[in-house]
Amino acid sequence: MREIYHWTEWFSELANKIAEGGEEFLIERAKQIDWEAAGKKPPLLRDENIDPFSFFYTLAQRRSSANRKLIYRSVENVFNVKHQYSEEQYDSNDAFVFPTPSFKILFQGDPQLLWNLFRSAVRGLDSVDPKHFDDALELRGVRKAKLTQTLFLINSSQFLPCDDKMSIFVDLPPDNEFNWKSYRGWLQKVRDIFLGCELYEINFFTYLCGLWKQKNLSIGNKHFQVSTNAYGEDGGDFWQDNDPALDFEPNNWVFTGSPSNKVRWENYDEAAEDNSYYPLRDPRPGDVILVKTGQSQGRGIGIVYKNDYQDRLAEDSRIHVLWINKAICDDLKPNRHWGLWLVKKRAGAFRNTSAYKETFELLDRLSGREEPMANQETQQNPEVKHPLNQILYGPPGTGKTYHTVARALAIIDDESVEEIERNIERFRELRDSGQIAMVTFHQNFAYEDFIEGIRPALGDGADGQIRYERCDGIFKQIAEAAKEEMDKPFVLIIDEINRGNIAKIFGDLITLIEDSRRLGTDDETKVMLPYSKDSFGVPKNLYLIGTMNTADRSIQLLDTALRRRFDFIEMMPKPELISDNVEGVNCKRMLEEMNKRITALLDREHQIGHTYLLDIDTMEKLSYAFQNKIFPLLQEYFFDDWAKIRAVLGGNSFVVEQSAAGVLRENEQVDEDRTIYERLPGDDPGWTDPEEYKKIYNAGNTDDTSNS
């Protein structure tokens, strides 16, 4: 991708050689160029007073690729240009993206003025004499577009064409008001949008916007976030100055060091169905790439130009981008994700930062989706709406309590749950500060623990008499804290919410948690608390997240009032998250088959969650999980109905069967046809035998003995 800017080095070297050589040098060398090989001699050679502006303007004029190659090869030889074009670059139109005038009118007027302006332009913007610039505008046939286009050819890192194509970014100064001062002011406005970007990068983006518009391609449809820590935080920062052959910024690309957070490139299996793989094929031309470093530092914004991963998902593939902002931003919300993922809320945490705000306003205009940005820094994002009351429910081991962390952080950070990264350290900080609180319901939990009550306390006197004092419960504490800071969301997590007596714990506050009854709503409702006699209401910025195990028989006691006031979010087993090859055992298939049988024998609410088998990568770990977690759970599910347990396990050796005959001396007291079941002894090698686990998912299928 860097080759699209090769022309800037080529023109810059040529300009420096001409500035150093002077008038006679240019006249002599210009005549040596093989112009006739590409057609007629240009008007440039009809005048002995060849000026550098006319020379560069002639070089840039529209030509066929074949003619350009002949002339530019001749220029390289005549002027001894070191930055020569390769054959591949001559065949690529993308290597020649600069203003290409079609007309032949050259600069006419004072050659010395043009030489003075040329030499100062080679040195840089600050070296230009404003009078030289303004006087050049008065020359015959010269207007702001023609002059600034040629200055851009001479020094593409310091000047930018002020022409109609650039008007999509910033309004152009009117012709009658255009001068050196207004040009510099306009140039600064463009730089403010494309912070840290080279002017030739901005010019290429202008070209691409026009090209994509012709092809009806839109800009900014999707946003993807990627980390410069391509190989994880310990692998280094690949934005720049790490490895010139790999760094993101100088090479105009991004990549990841692995196809997912679980699989290295050397172990990547394209045929495997694994939704944990990063969506590397998804970014399309025009999509936005948001680049960050570490947990909270923004590094840049790019537009996808080409995606190698669409053709070949491999370690050396790249997503090629055009940088449109390369400013550093240190105040992004923390996020530990190292790979590439889709940001479902448009632009995520990048949008409202001062460093990137104007860039996103531009992208909104280009996409036809312009939105008012006023006060977005202080307002909750309207695209993300979290329920005030929600309960995560499902079988045991589906990660309900685990996911409360991410959901709480999503509420606090005003992010969607899909985007947020589970950050336990930040969760603990918010819990310690009081913005997040946790409680677990149980049979003895009461209103006095949750709202307020009276508790005994030792007296202050020497007699040690017991006295009683009123104490606020956890719900009242966090509600009062939320009232003091209404601009911040607060979260109370209630684990095992169905294990408590809801009517007893909530009391008349069950009405107050409704969305329409919160403080500040039209139907706000308050109650008088029985102990303190305080008037109490629930603020709108307090969110409740509960968890509920559907395998727990106490679910039948769940208060219907609670059902009506909470959003219920089902969390079922996800076998795709566990390994499909633990020393030959396909744990994914094994869990799927076990859950199918449990559903048939019992119900779907008693399935086994995937977390029991997460991070299992050895037979020893698998044996431990089965002996100490899964098998006891099956015993609980089926009340020691060993025949059903054995059916769930596909008839493997984990359930031992023996006859009752001969167990007692007096056999007449024993039904000899009765079968006795026992669990396989813990030290039996069968627990670590892969074949015993394969029987679970190969039962009834004699043709399938593979581990796939």
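What follows is a walk through the salt bridges, nonpolar cores, a surface patch and a central strand pairing of this predicted model.

Because the model is predicted, local features need pLDDT of at least 70 and side-chain atom pairs count only at pLDDT 80 or more, while totals for chains, interfaces and linings use all residues. A search of the whole structure turns up 33 of them, a salt bridge being a side-chain nitrogen of Lys or Arg within 4 Å of a carboxyl oxygen of Asp or Glu. One is the pair R351 and D364, with N and O 2.9 Å apart. This pair links distant parts of the chain: R351 sits in the loop between β6 (340-343) and α12 (357-366), and D364 sits in helix α12, 13 residues apart. Helices (H or I, at least four residues) and strands (E, at least two) are DSSP runs, numbered from the N terminus. Both R351 and D364 are buried; buried means under 20% relative accessible area, exposed over 50%, and partly exposed in between (1.4 Å probe, protein chains only).

Two other salt bridges sit within single helices. E480 pairs with K483, the closest N and O atoms being 3.5 Å apart. These two are three residues apart in helix α16 (residues 474-484), so about one helical turn separates them. E480 counts as partly exposed at 28% relative accessibility, and K483 is also partly exposed, at 24%. In helix α23 (residues 690-698), K695 and E692 are likewise three residues apart, or about one helical turn, and their side chains meet at 3.2 Å, N to O. Here K695 is partly exposed at 38%, whereas E692 is buried at 9%. There is also a network of salt bridges, which links E452, R470, D472, K476 and D534.

Turning to the nonpolar side, the largest nonpolar core has 122 residues, and F55 and F79 have the most contacts inside it. A core here is a set of buried Ala, Val, Leu, Ile, Met, Phe, Trp, Tyr and Cys residues joined through side-chain atoms within 4.5 Å. Helix α10 (residues 199-214) gives the most to this core, with eight residues. A second, separate core holds 34 residues, including I616, F631, Y693 and I696. In soluble globular proteins, nonpolar side chains tend to be buried together.

L153 makes a handy close-up. This leucine lies in helix α8 (residues 144-154) and is buried, with a relative accessible area of 2%. Leaving aside residues up to four places away in sequence, L153 touches W7, F11, F56, A60, F98 and P99, where contact means heavy atoms within 4.5 Å.

Some nonpolar side chains are on the surface instead. I454, I466, Y468 and Y531 form a patch there, with about 440 Å² of accessible area together. Patches are built from residues with over 30% relative accessible area and no salt bridge, with like charges joined within 9 Å and nonpolar side chains (Val, Leu, Ile, Met, Phe, Trp, Tyr) within 5 Å; accessible areas come from the Shrake-Rupley method with a 1.4 Å probe, and for residues only the protein chains shown count as cover. Y531, in the loop between β12 (527-528) and β13 (535-536), is partly exposed at 33%.

Strands pair if DSSP finds at least two bridges between them. Strand β4 (residues 297-307) runs antiparallel to β5 and is joined to it by six bridges, with V304 opposite V321. Strand β2 (residues 253-254) also pairs with β5 in the antiparallel sense, over two bridges, and W253 stands opposite H320.

How values were computed: Residues numbered from 1 in each chain as written. Heavy atoms only, no water.
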